[in-house]
Amino acid sequence: MSCSFSHTPGPWVVLAALLLFGQQSFAAAGDIRFQDDFESGFAWATACGGGTAGINTYTSQSPTTSMFLAASRVCAISPVIDVSDLFGGTGGAVLTAWLRRGVLGAPFGQSDMPEFADSLSVYYFSTGSWVLIQTFDGEFGFPWDTGGDVLQFFFALPQNGLHANLCLGFLLNQGGGANQDFWHVDDVVLTETQVSPPLAPGVCDAFDGPSATNWTFAGTGTGGVSGVTSGDVPVGEHDDGNLRHV
Ligand SMILES: [Ca+2]
Ligand SMILES: [Ca+2]
């Protein structure tokens, strides 16, 4: 599949982006950069095969509606998400989603249990290609499984996902035909994160060299290193906290 929403921004887009950059300093950890609860229509593109993808109300996490993929190979591709401002810094983004396998015995055309090979794969679009995040198998089937398992998906995007044309993709790899083998997806959320900057390496100066080369002394007194006393316990001595004994 391809990220069909990708485009080269025109001059007005560049101008708008420049005007917005002054406000992007307000982006912060916890900000939701993309969210779809599928309650107000279906804004995703479909491609990749002859299966069907859309929304229905058979099952959901948020109020009444979720996305489904069914029948045979088909993918659903999110609108473009610009997270280029997160690249290269200490920020990132986490993708979460609610997934549910279809249910054995569900009303015809609304849900049907995917068998083992009727798997669902989750992708993100990197620079020019789709990157597989994870594939979820279907069920072993009756009498071992009756479907309906809920899976909470969580993935921290790496740096190559933090760009201006990020798309998210869900792919049903195969299915048994019309009205069969459903996967349900709801509450796809991309949330900005902030990680702590790496700590600077610790510095320890034992003053065991011939001079205090790491330090600068100022004023009229003198400073330097001396062997008269120290915090290091010489070999052959032991330290009981207050006194040293040879
Ligand atoms: Ca929903
Ligand atoms: Ca099935």
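Before the fold, one definition: helices, H or I with at least four residues, and strands, E with at least two, are DSSP runs numbered from the N terminus. Also, keep in mind that this is a predicted model.

Now the fold. Read along the sequence, the pattern is α-β-β-β-β-β-β-β-β-β-β-β-β-β. In numbers, that is one helix and 13 strands. The protein has 246 residues, and buried residues make up 28% of them. Take the contacts with a separation of 6 or more: 73% of those are between residues 24 or more positions apart.

Next, the sheet. Which strands form it, and in what order? Five of them, in the order E2-E5-E10-E7-E8. The sheet is open and the pairing is antiparallel. Strand E2, 45-47, sits at one edge, and strand E8, 130-136, is the other edge strand. Each of these two pairs on one side only. From one strand to the next, the twist averages 20°.

Look at E7 and E8. They run antiparallel, and six bridges join them. Pick out valine 122: its bridge partner in E8 is glutamine 134.

On to the core. How many residues does the largest nonpolar core have? It has 41. Met67, Leu69, Ala76, Phe170 and Trp183 have the most contacts inside it. The elements giving two or more residues to this core are strands E3 (52-56), E4 (66-70), E5 (74-77), E6 (91-101), E7 (120-125), E10 (168-172) and E11 (183-194). As general background, nonpolar side chains in soluble globular proteins tend to be buried together.

Stay with phenylalanine 170 for a moment. What is it in contact with, leaving aside neighbours within four places in sequence? The list is Leu69, Cys75, Ala76, Leu120, Val122 and Val185.

Last stop, glutamate 115. Find it in the loop between E6 and E7. Is glutamate 115 buried or exposed? The cut-off for buried is 20 or more other C-beta atoms within 10 Å. Glutamate 115 has 21 within 10 Å, so it counts as buried.

What is around glutamate 115? Leaving aside neighbours within four places in sequence, it is in contact with Gly138, Glu139, Gly141 and Asp181. Then there is aspartate 137. C-alpha to C-alpha, glutamate 115 and aspartate 137 are 8.0 Å apart in space, and 22 residues apart in sequence.

Note on methods: Residues are numbered from 1 along each chain as its sequence is written. Chains are lettered from A and ligands numbered from 1 in the order in which they are written. This is a predicted model: local features need pLDDT of at least 70, side-chain atom pairs count only at pLDDT 80 or more; totals for chains, interfaces and linings use all residues. A nonpolar core is a set of buried Ala, Val, Leu, Ile, Met, Phe, Trp, Tyr and Cys residues joined through C-beta atoms within 7 Å. A residue is buried if 20 or more other C-beta atoms lie within 10 Å of its own, exposed if 12 or fewer, and partly exposed in between; C-beta atoms are placed from the backbone. Two residues are in contact if their C-beta atoms, placed from the backbone, lie within 7 Å. Two strands pair if DSSP finds at least two bridges between them. Axes are lines fitted to C-alpha atoms, for helices over the stretch in contact, and angles run from 0 to 180 degrees between N-to-C directions.
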